[in-house]
Amino acid sequence: MSRIHVPIHLRWGDFDAYQHVNNAEMLHLLEEARIQTFWRPDVHDPEAPPTAVIDARPGAAVVSLIARQEVEYLLPIPYQRRPLDVELWIGRIGGASLEIGYEVFSPEGQEPRLLYTRAATTLVMVELATGRPVRIPDEYREAWEPYVEAPIEFARR
């Protein structure tokens, strides 16, 4: 099982009156982890994960659009200064889409290790000029194949 681990720092603005990460802010945290994992850096970054192959610069001919997101909140996330450990993998690669799985854990090294959130996002590769889905390039598939495992199975449906 190969997953990408992305440390995501919490911001004070991520919290609500109940003193935990707001449900809507969780989508921003997942977005940040997804960008770090799948978008190619503008300049060479030796620390970028091998999955960071999508050209997301302005003017790119093909863009990745979210078609679906599902989030299962398991535990409230309290404020903490150390970054959360967000694990990402690919639950499915289709013709023009892929499903990304996430598990959001307490900071690395914290005991006990707590699983706060499970989520899944379906991304579709779309040609910007036409707005139509396009096949995922072989280059992307090759980079992503080592990170394919079973998709999220949500418990509370």
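Buried here stands for under 20% relative accessible area, exposed for over 50%, and partly exposed for values in between, with a 1.4 Å probe and protein chains only. Helices (H or I, at least four residues) and strands (E, at least two) are DSSP runs, numbered from the N terminus.

The model is predicted, so local features need pLDDT of at least 70 and side-chain atom pairs count only at pLDDT 80 or more, while totals for chains, interfaces and linings use all residues. Residues are numbered from 1 along each chain as its sequence is written, and side-chain values use heavy atoms, with hydrogens and water left out.

**Strand pairing**

β1 pairs with β3 (residues 84–93) in the antiparallel sense; two strands count as paired if DSSP finds at least two bridges between them. Within this pair, P7 is opposite D85 of β3. β3 is in turn antiparallel to β4, and the two are joined by a hairpin of three residues. β4 also pairs with β5 in the antiparallel sense. G101 of β4 takes part in both of the latter pairings: W89 has G101 as its bridge partner, and G101 stands opposite A120 in β5.

| Strand pair | Sense | Bridges |
|---|---|---|
| β1 and β3 | antiparallel | five bridges |
| β3 and β4 | antiparallel | eight bridges |
| β4 and β5 | antiparallel | nine bridges |

How many residues of β4 are buried? Nine of the nine are, so β4 is largely enclosed by the rest of the structure.

R118 is a residue of strand β5. It counts as partly exposed, at 21% relative accessibility. R118 and E103 lie 15 residues apart in sequence, with 4.6 Å between their C-alpha atoms. Leaving aside residues up to four places away in sequence, R118 touches E70, V71, E72, L74, Y102, E103, I152 and F154, where contact means heavy atoms within 4.5 Å.

**Helix α1**

Helix α1 contains 16 residues and spans 23 Å from its first C-alpha to its last, close to the expected 22 Å at 1.5 Å a residue. The expected span is 1.5 Å times one less than the number of residues in the helix. The buried residues of α1 are E25, M26, L29, L30, A33, R34, T37 and F38. They pack against β1, β2 (62–73), β3, β4 (97–105), β5 (115–127) and α2 (138–144).

Among them, E25 counts as buried at 17% relative accessibility. Its contacts, not counting residues up to four places away in sequence, are R11, G13 and D14.

**The loop between β4 and β5**

Two prolines of this loop can be set side by side. P107 is in the loop between β4 and β5 and counts as buried at 3% relative accessibility. P107 touches Q80, R82, P83, L84 and D85, not counting residues up to four places away in sequence. The C-alpha atoms of P107 and H20 are 15 Å apart, with 87 residues separating the two along the chain.

P112 lies in the loop between β4 and β5 as well, but is exposed, with a relative accessible area of 55%. The peptide bond joining E111 and P112 is cis, with omega about -5°. Most peptide bonds are trans. P112 and L65 are 47 residues apart along the chain, and 36 Å separates their C-alpha atoms.

**The largest pocket**

The largest pocket holds about 260 Å³ of space. On a 1 Å grid over the protein atoms alone, a cavity is a set of points where a 1.4 Å probe fits but cannot get out, whereas a pocket is an open set with protein on both sides within 12 Å along at least five of seven lines; lining residues have an atom within 4 Å of a point. Grid points are joined across faces, edges and corners, and the volume is the space filled by probe spheres set on the points.

Which residues are closest to the centre of the largest pocket? Of the 17 lining residues, these are I35, Q36, W39, P41 and P49. β1 (4–8) and α1 (23–38) each supply at least two residues of the lining, and β1 gives the most, with four residues. By class, the lining has 10 nonpolar, two polar and five charged residues. Nonpolar covers Ala, Val, Leu, Ile, Met, Phe, Trp, Tyr, Cys and Pro, charged covers Asp, Glu, Lys and Arg, and the others, Gly among them, are polar.
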